[in-house]
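Student: Can we go through the terms used for this structure? I would like to know what stands behind each one.

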Amino acid sequence: MALISGFGTALGGMKVAQSQLDIIGRNIANVDTEGYTRKQAQQSSVVLAGSGMGVTLGDITRSVNEGLLRSFLSSNSLTGQLNAQNQYLSKTEVLLGTPEGDNSISANVASLQTAFNSFASDVTSAAGRYNLLNQAQTVTSRLNYISQEIQKLRGEADLNISNSVDEINDLLDEIDELNENIVKYKVLGYDGVADLEDKRDTALRNLSEKIDISYFTRDTGEIVIQTTNGIMLLDKDPHKLTHNAVTQTSATSTYASGAISGIMVDGVDITNQLTQGELKGLIEIRDVTLPSLQSQLDELAGVLKDAINQVHNQGTAYPQTPSSITGNRDIINPDNQNIRISNGDVRFTIFDAEGKQVATTTLLGDLHFPDTGGSITDMTTTINDWLRSPDGANLPQAECRIDDDGHLYIDTGDSTYSISIMDETSSTPGGERTNVTIEYDVNGDGNYDRDFEGFSNFFGMNDFFVANRNEYIYDSKVISKNVNLGLKDIVTIGFSDSNSDTPLGTINIYPNDSVQDIVNKINSDPNLNQQLRASLVPNGSGYVLRIENTTGAQLEIYENVAPGGTASGVLDKLGMKPSYAGVAATIGVRQELQEQPNLISGGAPEFNASSGQYQLNPAMNNIANDMGKIFDQTLNFNQSGTISETQTTLANYASTFVGNVASQANSSESTLAYQQQLTQSISLKEAQISGVDIDEELAQMIVFQQTYAACAQAFTASKEILDLLLNMVN
């Protein structure tokens, strides 16, 4: 009996040694296989009826440190996020140029300043005018191009989000299939469970690069995967992500407004619940980094446009003084929209071909337009009567009206005669040039809703820059979602646009309402939500309340005040005003100036005290000087993304955000390098524990070779003894 037992023990030892050698062989063969972990199997003694019957081999297990694996997954997610951000910041830095570079937008602004100063030194120089026009077009073209490229990058990031979502879903399917096989192999006792677990870990690592994950393993061997915020991604079956990539983006295309779709899981938007991974990095690029830069470009373009236009509208070109001028402001309902003029008067002067005064008048002092205000129709009728009257300009073919596009149109009716509009401190001829204050009642309720500086500037009669867009978007200042509006009573806010003969509708704001309540009321109102869209757009440390006319028509927002009542000023508290969003993408030099640079205003009409009349002087350069001085002035810039509200020059503002992007790109590159090194360190530590050490495997191979040889000798000896006994019996 002992002989048979020894025979079985030797045979079992040989089989175990052979299996161990097979495991060692697989380990050595996969020493360079990515994701492969060292396999090993424990041996245990077989005892039967109190007697040893050799050894048996246990399950093949992996040398894996779960703590290190979880650390790697977390670190890998952050690496994926930083890598995605760094790629786009690098592209943005190249797009903007360096602060000190000749190709940066700040350098373009500085060149424009030089051109204005050169023009002011000799306004009669054709070369100076063309140089100014070229530099202005260079700045606007550069702003247009950068804006277009920023939006292309946003669209690219959104498409990459969609691609990442597809890759995540493929990985979830792969892990799900591996889960099923691991459970099945364990139940059936098949070999290869450890290798399947290696493949599953590799898929987990790849998944962690795309999205932040956590996981746990059930007793069956399957794993359950969630995001770090508890959003289920895999539990028995995959919970697929969905995202519809946007076809095109603009400065007003935001996730907050719904123009860009979210990332959905089981019908729930999880966009704002992701914390790390490539998806998070792409979302931040699309919704924070690039929109912040776009808003800064728009702020620069908007401030530049308004500042230059305000001065240029005070001037008149000569000898190419126009006989017909058309404004840019859209007037929705001139019969009901009123203006009130204060802090001076508006002077209209007709000149002949030699620049000599033919007729002049003032709107308040001479034409008696009410200083308490009147409708725009009344104003155009008053001016029209003066133009045609024999006691006025005596131009029977002249006209002043609001044209079919809603713009103020003034024509002398005779190309021999030109017209100039200028604001002065008083109605007396020769008054000092100034900007009158225009108060605008947008709905005719007697409550003046908005203030502007300069009559010609208000109507846009002689703009230098245009943006080819209506005031169809209004933004608040940067506020908190929970800002206290300070209301004591119910306030009614109304909306109207140039597409409708009647107001679009109203909402009521109650004392305890939040800004989010305003958004919800606009978006849920059936009379408003067909044409208006409200949203809270992230901006720096807060949010901007944005109200957009989705049709692109001129929008007016006003507070409805009962007769004799007092406005609450809620719109002023919110800082609601036409938005600069998208200005950088559309800003350009007015078409007439591009076609006829001689229409660029160099000076304003000058008063000759001796003759008591106004005259045009081709060498007059006071307007050109004032436009050049704008670049040295400290201007107000609202908070835009990472740049807080500030007062600085145009060039300094441009340098600030160009420098910020360069700094962000440099910081991102350094942070990414550190994070990659950290992730690599964790991976190396894992490799030391889980990887295959050839020297160790070879040492084990010698042990099991010797074991196999010893067992073989024991087996051979037992067989020889057994054969001898059998021969003796026979």
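Predicted model: local features only at pLDDT ≥ 70, side-chain atom pairs only at ≥ 80, totals over all residues.

Student: What makes strand 21 and strand 25 a pair?

Tutor: Pairing requires at least two bridges between two strands. Five bridges join strand 21 to strand 25, so they count as paired. In this pairing, I473 stands opposite E548 of strand 25.

Student: How do you know that strand 24 pairs with strand 25?

Tutor: The same cut-off of at least two bridges applies. Strand 24 and strand 25 share eight bridges, in the antiparallel sense, so they pair. A534 has I547 in strand 25 as its bridge partner. The two strands form a hairpin with two residues between them, and G540 in the turn has a positive phi of about 60 degrees.

Student: Why is strand 25 called largely enclosed?

Tutor: A residue is buried if its relative accessible area is under 20%. Seven of the eight residues of strand 25 are buried, so the strand is largely enclosed by the rest of the structure. In the protein, buried residues make up 50% of the 730 residues.

Student: Which residues are closest to the centre of the second largest pocket?

Tutor: That pocket has a volume of about 1,200 Å³. Of its 49 lining residues, V537, P538, N539, Y543 and V544 are the closest to its centre. Strand 24 and strand 25 each supply at least two residues of the lining, but helix 6 gives the most, with 12 residues.

Technical notes:
Residues numbered from 1 in each chain as written. Heavy atoms only, no water. 1 Å grid on protein atoms, 1.4 Å probe; cavity = no way out; pocket = protein on both sides within 12 Å on 5 of 7 lines; lining within 4 Å. Points joined across faces, edges and corners; volume = space filled by probe spheres on them. Helix = DSSP H or I, 4+ residues; strand = E, 2+ residues; numbered from the N terminus. Buried < 20%, exposed > 50% of the residue type's maximum accessible area, 1.4 Å probe, protein only.
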